[in-house]
Amino acid sequence: MKRIGVITSGGDAPGMNAAIRAVVRAAIGRGVSVVGFTHGYEGIIDDEAMPLDSVSVGGIISRGGTMLRSARSKTFMTEDGRDRAVGVLRKHGLEGLVVIGGDGSLRGALCLHDEFGFPVMGVPGSIDNDISGTDFSIGFDTAVNAALEAIDRVRDTAYSHERIFVIEVMGRHNGFIALEAGLAGGAEAILIPEVPYSLMEICTDMKRAAVRGKKSSIIIVAEGAARASDIKDFIEKNTGFEARQLVLGHMQRGGSPTAFDRVLALRLGALAANRLISGYTAEMVGVDGVKLVSHPLSYVLSTERAIDPEKLLLAGVMAQ
(Lines give C-alpha, C1' and ligand atoms only; values in the text may rest on other atoms or scores of the structure.)
Protein backbone atom coordinates (compact mmCIF):
# COMPACT_ATOMS: atom_id res chain seq x y z
CA MET A 1 0.00 0.00 0.00
CA LYS A 2 1.08 3.54 -0.76
CA ARG A 3 -1.93 5.59 0.36
CA ILE A 4 -4.59 5.06 3.04
CA GLY A 5 -7.45 7.06 4.53
CA VAL A 6 -8.65 7.69 8.08
CA ILE A 7 -11.93 8.91 9.58
CA THR A 8 -13.54 9.36 12.98
CA SER A 9 -17.22 8.55 13.06
CA GLY A 10 -20.18 8.51 15.45
CA GLY A 11 -19.92 9.92 18.95
CA ASP A 12 -16.63 11.64 19.72
CA ALA A 13 -14.37 10.18 22.40
CA PRO A 14 -11.34 11.67 24.18
CA GLY A 15 -8.24 10.13 22.64
CA MET A 16 -9.46 10.08 19.05
CA ASN A 17 -6.91 12.75 18.16
CA ALA A 18 -4.12 10.63 19.61
CA ALA A 19 -5.33 7.72 17.49
CA ILE A 20 -5.35 9.86 14.33
CA ARG A 21 -1.82 11.00 15.14
CA ALA A 22 -0.68 7.41 15.58
CA VAL A 23 -2.25 6.25 12.30
CA VAL A 24 -0.60 9.07 10.37
CA ARG A 25 2.86 8.77 11.87
CA ALA A 26 2.93 4.96 11.77
CA ALA A 27 1.93 5.05 8.10
CA ILE A 28 4.49 7.72 7.23
CA GLY A 29 7.13 5.61 8.96
CA ARG A 30 6.42 2.90 6.41
CA GLY A 31 6.43 5.24 3.44
CA VAL A 32 2.63 5.43 3.15
CA SER A 33 0.75 8.72 2.79
CA VAL A 34 -2.52 9.43 4.60
CA VAL A 35 -5.68 11.30 3.65
CA GLY A 36 -8.22 12.24 6.29
CA PHE A 37 -11.91 12.98 5.71
CA THR A 38 -13.83 15.34 7.97
CA HIS A 39 -17.29 14.43 9.29
CA GLY A 40 -16.90 10.66 9.04
CA TYR A 41 -18.68 8.71 6.30
CA GLU A 42 -20.67 11.78 5.31
CA GLY A 43 -17.38 13.57 4.67
CA ILE A 44 -16.21 10.78 2.40
CA ILE A 45 -19.41 11.00 0.36
CA ASP A 46 -19.04 14.80 0.14
CA ASP A 47 -15.30 14.46 -0.65
CA GLU A 48 -14.14 16.48 2.36
CA ALA A 49 -10.59 15.20 1.98
CA MET A 50 -7.50 16.66 3.61
CA PRO A 51 -3.92 15.37 3.38
CA LEU A 52 -2.40 14.52 6.75
CA ASP A 53 1.30 14.58 7.59
CA SER A 54 3.43 14.70 10.72
CA VAL A 55 3.06 18.47 10.99
CA SER A 56 -0.74 18.50 10.63
CA VAL A 57 -1.15 16.05 13.52
CA GLY A 58 1.39 17.75 15.76
CA GLY A 59 0.14 19.08 19.09
CA ILE A 60 -3.20 17.23 19.01
CA ILE A 61 -2.41 14.39 21.42
CA SER A 62 -3.75 16.32 24.43
CA ARG A 63 -6.89 17.66 22.75
CA GLY A 64 -10.32 16.15 23.32
CA GLY A 65 -12.81 15.59 20.51
CA THR A 66 -11.50 14.94 17.04
CA MET A 67 -9.65 17.21 14.61
CA LEU A 68 -11.44 15.38 11.78
CA ARG A 69 -14.78 16.13 13.43
CA SER A 70 -17.55 13.57 13.35
CA ALA A 71 -21.08 12.99 12.13
CA ARG A 72 -23.67 10.29 11.66
CA SER A 73 -24.54 9.73 8.01
CA LYS A 74 -28.01 8.64 6.89
CA THR A 75 -26.78 8.75 3.29
CA PHE A 76 -24.11 6.14 3.99
CA MET A 77 -26.81 3.78 5.26
CA THR A 78 -28.10 3.49 1.69
CA GLU A 79 -26.51 1.34 -1.02
CA ASP A 80 -26.16 4.38 -3.27
CA GLY A 81 -24.43 6.33 -0.50
CA ARG A 82 -21.89 3.58 0.10
CA ASP A 83 -21.27 3.28 -3.63
CA ARG A 84 -20.56 7.01 -3.80
CA ALA A 85 -18.23 6.76 -0.80
CA VAL A 86 -16.14 4.00 -2.37
CA GLY A 87 -15.97 6.02 -5.56
CA VAL A 88 -14.46 8.96 -3.66
CA LEU A 89 -11.98 6.73 -1.84
CA ARG A 90 -10.78 5.24 -5.13
CA LYS A 91 -10.71 8.65 -6.77
CA HIS A 92 -8.06 9.67 -4.22
CA GLY A 93 -6.07 6.51 -4.90
CA LEU A 94 -6.66 5.10 -1.44
CA GLU A 95 -5.95 1.42 -0.89
CA GLY A 96 -7.42 1.12 2.59
CA LEU A 97 -9.32 2.98 5.31
CA VAL A 98 -8.87 3.17 9.10
CA VAL A 99 -12.17 3.81 10.88
CA ILE A 100 -12.05 5.12 14.45
CA GLY A 101 -15.42 4.86 16.21
CA GLY A 102 -18.02 2.75 17.91
CA ASP A 103 -20.36 -0.06 16.92
CA GLY A 104 -22.17 1.77 14.12
CA SER A 105 -18.94 3.09 12.64
CA LEU A 106 -17.40 -0.38 12.62
CA ARG A 107 -20.50 -1.79 10.93
CA GLY A 108 -20.04 0.79 8.19
CA ALA A 109 -16.44 -0.32 7.74
CA LEU A 110 -17.51 -3.94 7.42
CA CYS A 111 -20.04 -2.94 4.75
CA LEU A 112 -17.25 -1.36 2.68
CA HIS A 113 -15.31 -4.60 2.88
CA ASP A 114 -18.19 -7.01 2.30
CA GLU A 115 -19.93 -5.09 -0.47
CA PHE A 116 -16.96 -3.63 -2.33
CA GLY A 117 -13.93 -5.57 -1.19
CA PHE A 118 -12.39 -2.35 0.10
CA PRO A 119 -9.69 -2.96 2.77
CA VAL A 120 -10.63 -1.56 6.19
CA MET A 121 -9.31 -1.61 9.75
CA GLY A 122 -11.31 -0.60 12.83
CA VAL A 123 -10.15 1.17 15.99
CA PRO A 124 -12.57 1.11 18.96
CA GLY A 125 -13.37 4.69 19.96
CA SER A 126 -16.32 4.94 22.35
CA ILE A 127 -16.75 6.22 25.90
CA ASP A 128 -19.30 3.44 26.52
CA ASN A 129 -16.69 0.64 26.39
CA ASP A 130 -19.35 -1.69 25.00
CA ILE A 131 -17.36 -3.01 22.02
CA SER A 132 -16.40 -6.69 22.04
CA GLY A 133 -12.88 -7.79 21.23
CA THR A 134 -11.12 -5.31 23.50
CA ASP A 135 -10.89 -4.74 27.23
CA PHE A 136 -10.98 -0.99 26.73
CA SER A 137 -12.15 1.37 24.01
CA ILE A 138 -10.63 4.82 23.53
CA GLY A 139 -12.34 7.45 25.68
CA PHE A 140 -13.79 5.21 28.39
CA ASP A 141 -11.17 5.95 31.02
CA THR A 142 -11.52 9.71 30.50
CA ALA A 143 -15.31 9.54 30.73
CA VAL A 144 -15.14 7.52 33.95
CA ASN A 145 -12.71 10.00 35.49
CA ALA A 146 -14.96 12.92 34.52
CA ALA A 147 -17.88 11.21 36.23
CA LEU A 148 -15.73 10.35 39.24
CA GLU A 149 -14.66 13.96 39.70
CA ALA A 150 -18.32 14.99 39.80
CA ILE A 151 -19.15 12.22 42.29
CA ASP A 152 -16.32 13.28 44.61
CA ARG A 153 -17.42 16.91 44.54
CA VAL A 154 -21.08 16.08 45.12
CA ARG A 155 -20.30 13.76 48.01
CA ASP A 156 -18.87 16.69 49.96
CA THR A 157 -22.16 18.56 49.60
CA ALA A 158 -24.23 15.45 50.27
CA TYR A 159 -22.40 14.91 53.56
CA SER A 160 -22.54 18.57 54.60
CA HIS A 161 -26.29 18.87 54.04
CA GLU A 162 -27.23 15.26 54.86
CA ARG A 163 -28.87 14.65 51.51
CA ILE A 164 -29.32 11.90 48.96
CA PHE A 165 -27.82 12.67 45.56
CA VAL A 166 -28.83 10.84 42.38
CA ILE A 167 -26.19 11.25 39.66
CA GLU A 168 -27.09 10.25 36.11
CA VAL A 169 -24.19 9.24 33.83
CA MET A 170 -24.11 8.29 30.17
CA GLY A 171 -24.97 4.76 29.12
CA ARG A 172 -28.13 4.44 27.08
CA HIS A 173 -27.82 0.70 26.53
CA ASN A 174 -25.21 -0.36 29.06
CA GLY A 175 -23.83 0.46 32.49
CA PHE A 176 -20.05 0.31 32.04
CA ILE A 177 -19.46 3.96 32.99
CA ALA A 178 -21.95 3.82 35.86
CA LEU A 179 -20.43 0.67 37.33
CA GLU A 180 -16.82 1.80 37.08
CA ALA A 181 -17.43 5.33 38.34
CA GLY A 182 -19.82 4.09 41.04
CA LEU A 183 -17.29 1.60 42.36
CA ALA A 184 -14.47 4.15 42.36
CA GLY A 185 -16.68 6.80 43.94
CA GLY A 186 -18.06 4.60 46.71
CA ALA A 187 -21.68 4.89 45.57
CA GLU A 188 -24.31 3.39 47.85
CA ALA A 189 -26.30 2.13 44.84
CA ILE A 190 -25.51 1.66 41.13
CA LEU A 191 -28.39 1.24 38.68
CA ILE A 192 -27.65 -0.09 35.18
CA PRO A 193 -29.83 -1.31 32.28
CA GLU A 194 -28.44 -4.85 32.37
CA VAL A 195 -29.56 -5.71 35.90
CA PRO A 196 -33.07 -5.49 37.43
CA TYR A 197 -33.34 -3.40 40.59
CA SER A 198 -35.91 -2.44 43.19
CA LEU A 199 -36.16 1.21 44.18
CA MET A 200 -38.17 0.18 47.24
CA GLU A 201 -35.29 -2.03 48.40
CA ILE A 202 -32.89 0.87 47.89
CA CYS A 203 -35.16 3.08 50.00
CA THR A 204 -35.28 0.42 52.71
CA ASP A 205 -31.48 0.17 52.71
CA MET A 206 -31.16 3.95 53.09
CA LYS A 207 -33.58 3.96 56.02
CA ARG A 208 -31.56 1.25 57.74
CA ALA A 209 -28.36 3.17 57.06
CA ALA A 210 -29.92 6.28 58.60
CA VAL A 211 -30.67 4.33 61.77
CA ARG A 212 -26.96 3.44 61.92
CA GLY A 213 -26.12 7.14 61.62
CA LYS A 214 -25.52 7.43 57.89
CA LYS A 215 -27.22 10.64 56.76
CA SER A 216 -26.15 10.93 53.10
CA SER A 217 -25.89 8.64 50.08
CA ILE A 218 -24.85 8.73 46.44
CA ILE A 219 -26.83 6.80 43.84
CA ILE A 220 -25.34 6.39 40.37
CA VAL A 221 -27.71 5.63 37.51
CA ALA A 222 -26.95 4.96 33.85
CA GLU A 223 -29.26 6.98 31.61
CA GLY A 224 -30.65 3.78 30.09
CA ALA A 225 -31.73 2.43 33.48
CA ALA A 226 -33.91 5.33 34.65
CA ARG A 227 -34.17 9.11 34.82
CA ALA A 228 -32.43 10.72 37.77
CA SER A 229 -35.44 12.95 38.37
CA ASP A 230 -37.80 9.96 38.68
CA ILE A 231 -35.51 8.22 41.16
CA LYS A 232 -35.14 11.40 43.20
CA ASP A 233 -38.92 11.82 43.42
CA PHE A 234 -39.42 8.16 44.40
CA ILE A 235 -36.82 8.38 47.15
CA GLU A 236 -38.27 11.55 48.65
CA LYS A 237 -41.79 10.12 48.57
CA ASN A 238 -40.84 6.79 50.15
CA THR A 239 -38.18 7.82 52.66
CA GLY A 240 -38.93 11.41 53.60
CA PHE A 241 -35.25 12.20 53.01
CA GLU A 242 -34.21 15.27 51.06
CA ALA A 243 -32.78 14.35 47.65
CA ARG A 244 -31.15 16.13 44.74
CA GLN A 245 -30.40 15.12 41.16
CA LEU A 246 -27.48 15.78 38.83
CA VAL A 247 -27.33 14.83 35.13
CA LEU A 248 -23.75 14.86 33.85
CA GLY A 249 -24.66 14.48 30.18
CA HIS A 250 -22.17 15.26 27.43
CA MET A 251 -19.55 16.75 29.74
CA GLN A 252 -18.29 13.16 29.99
CA ARG A 253 -17.36 13.19 26.30
CA GLY A 254 -15.17 16.27 26.31
CA GLY A 255 -11.90 17.33 27.85
CA SER A 256 -8.29 16.32 27.57
CA PRO A 257 -7.84 12.53 27.47
CA THR A 258 -6.22 10.78 30.42
CA ALA A 259 -2.73 9.32 30.13
CA PHE A 260 -4.31 5.86 29.86
CA ASP A 261 -6.50 6.88 26.92
CA ARG A 262 -3.63 8.64 25.15
CA VAL A 263 -1.34 5.64 25.33
CA LEU A 264 -4.16 3.26 24.41
CA ALA A 265 -5.02 5.39 21.37
CA LEU A 266 -1.41 5.57 20.26
CA ARG A 267 -0.96 1.81 20.52
CA LEU A 268 -4.21 0.98 18.74
CA GLY A 269 -3.82 3.61 16.02
CA ALA A 270 -0.32 2.48 15.15
CA LEU A 271 -1.33 -1.19 15.17
CA ALA A 272 -4.31 -0.47 12.90
CA ALA A 273 -2.16 1.36 10.35
CA ASN A 274 0.53 -1.31 10.38
CA ARG A 275 -1.88 -4.23 9.96
CA LEU A 276 -3.77 -2.48 7.16
CA ILE A 277 -0.55 -1.67 5.31
CA SER A 278 0.62 -5.27 5.80
CA GLY A 279 -2.43 -6.57 3.95
CA TYR A 280 -4.85 -7.43 6.76
CA THR A 281 -8.44 -6.28 6.42
CA ALA A 282 -11.89 -6.35 8.01
CA GLU A 283 -10.42 -6.42 11.51
CA MET A 284 -10.65 -4.36 14.69
CA VAL A 285 -7.59 -3.87 16.86
CA GLY A 286 -7.87 -3.98 20.64
CA VAL A 287 -6.23 -4.90 23.93
CA ASP A 288 -6.45 -8.08 25.97
CA GLY A 289 -4.84 -7.32 29.31
CA VAL A 290 -1.54 -5.72 28.30
CA LYS A 291 -1.38 -7.45 24.91
CA LEU A 292 -2.40 -5.90 21.61
CA VAL A 293 -4.83 -8.07 19.63
CA SER A 294 -6.95 -7.96 16.52
CA HIS A 295 -10.23 -9.70 15.73
CA PRO A 296 -12.40 -10.05 12.62
CA LEU A 297 -15.02 -7.31 12.48
CA SER A 298 -17.64 -9.99 11.85
CA TYR A 299 -16.82 -11.52 15.25
CA VAL A 300 -16.68 -8.17 17.06
CA LEU A 301 -20.05 -7.06 15.70
CA SER A 302 -21.81 -10.35 16.40
CA THR A 303 -20.65 -10.59 20.02
CA GLU A 304 -22.10 -8.68 22.95
CA ARG A 305 -19.78 -7.31 25.60
CA ALA A 306 -21.11 -8.11 29.07
CA ILE A 307 -20.75 -6.38 32.42
CA ASP A 308 -18.20 -8.04 34.71
CA PRO A 309 -20.29 -9.98 37.29
CA GLU A 310 -17.47 -9.79 39.85
CA LYS A 311 -17.60 -5.99 39.76
CA LEU A 312 -21.35 -6.10 40.26
CA LEU A 313 -20.91 -8.37 43.27
CA LEU A 314 -18.19 -6.13 44.67
CA ALA A 315 -20.40 -3.06 44.27
CA GLY A 316 -23.09 -4.73 46.36
CA VAL A 317 -20.65 -5.67 49.12
CA MET A 318 -19.07 -2.19 49.21
CA ALA A 319 -22.49 -0.50 49.45
CA GLN A 320 -23.28 -2.15 52.80
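Which residues are buried in α5? They are Phe 140, Thr 142, Ala 143, Val 144, Ala 146, Ala 147, Leu 148, Ala 150, Ile 151, Val 154 and Ala 158. Keep in mind as you look around that this is a predicted model.

Helix α5 covers residues 140-161, and its 22 residues should span 32 Å at 1.5 Å a residue. The C-alpha atoms at its ends are 32 Å apart, which agrees with that expectation. Once α5 ends, Glu 162 follows, with a positive phi near 55 degrees.

## Helix α1, largely enclosed

Now move to α1, which takes in residues 16-29. This helix has 14 residues and reaches 20 Å from its first C-alpha to its last, close to the 20 Å expected at 1.5 Å a residue. Because 10 of those 14 residues are buried, α1 is largely enclosed by the rest of the structure.

You can pick out the buried residues of α1 one by one: Met 16, Asn 17, Ala 18, Ala 19, Ile 20, Ala 22, Val 23, Val 24, Ala 26 and Ala 27. Their cover includes the strands β1 (3-8), β2, β3 and β4 (97-101), along with helix α9. Just after α1 comes Gly 31, where phi is positive at about 75 degrees.

## Two pairs of crossing helices

The axes of α3 (residues 79-91) and α4 (residues 103-116) come within 11 Å and cross at roughly 85 degrees. That angle makes α3 roughly perpendicular to α4. On the α3 side, the residues in contact are Arg 82, Asp 83, Val 86, Leu 89 and Arg 90, and they meet Cys 111, Leu 112, Glu 115 and Phe 116 in α4. Sorted by kind, the residues of this contact are five nonpolar, four charged and no polar.

The other pair is α7 (residues 199-211) and α8 (residues 228-239), whose axes come within 10 Å and cross at roughly 55 degrees. Here the angle makes α7 oblique to α8. The crossing of α7 past α8 is right-handed. In α7, look for Leu 199, Met 200, Cys 203, Met 206 and Lys 207; their partners in α8 are Ile 231, Phe 234, Ile 235, Asn 238 and Thr 239. The contact of α7 with α8 has seven nonpolar residues, two polar and one charged.

## Two loop residues with positive phi

Most residues other than glycine have a negative phi. His 39 sits in the loop between β2 (33-37) and α2 (40-45), and its phi is positive, near 65 degrees. Is His 39 buried, partly exposed or exposed? Its relative accessibility is 29%, so His 39 counts as partly exposed.

Further along, the loop between α2 and β3 (49-52) holds Asp 47. Although Asp 47 is not a glycine, its phi is positive too, at about 60 degrees. With a relative accessibility of 27%, Asp 47 also counts as partly exposed.

Conventions: Residues are numbered from 1 along each chain as its sequence is written. This is a predicted model: local features need pLDDT of at least 70, side-chain atom pairs count only at pLDDT 80 or more; totals for chains, interfaces and linings use all residues. Side-chain values use heavy atoms; hydrogens and water are left out. Helices (H or I, at least four residues) and strands (E, at least two) are DSSP runs, numbered from the N terminus. The expected span of a helix is 1.5 Å times one less than its number of residues. Buried means under 20% relative accessible area, exposed over 50%, partly exposed in between (1.4 Å probe, protein chains only). Axes are lines fitted to C-alpha atoms, for helices over the stretch in contact, and angles run from 0 to 180 degrees between N-to-C directions. Angles under 35 degrees count as roughly parallel, over 145 as roughly antiparallel, 65 to 115 as roughly perpendicular and the rest as oblique. A crossing is left-handed if the near helix is turned anticlockwise from the far one by less than a right angle, and right-handed if clockwise. Contact means heavy atoms within 4.5 Å. Ala, Val, Leu, Ile, Met, Phe, Trp, Tyr, Cys and Pro count as nonpolar, Asp, Glu, Lys and Arg as charged, and the others, Gly among them, as polar.
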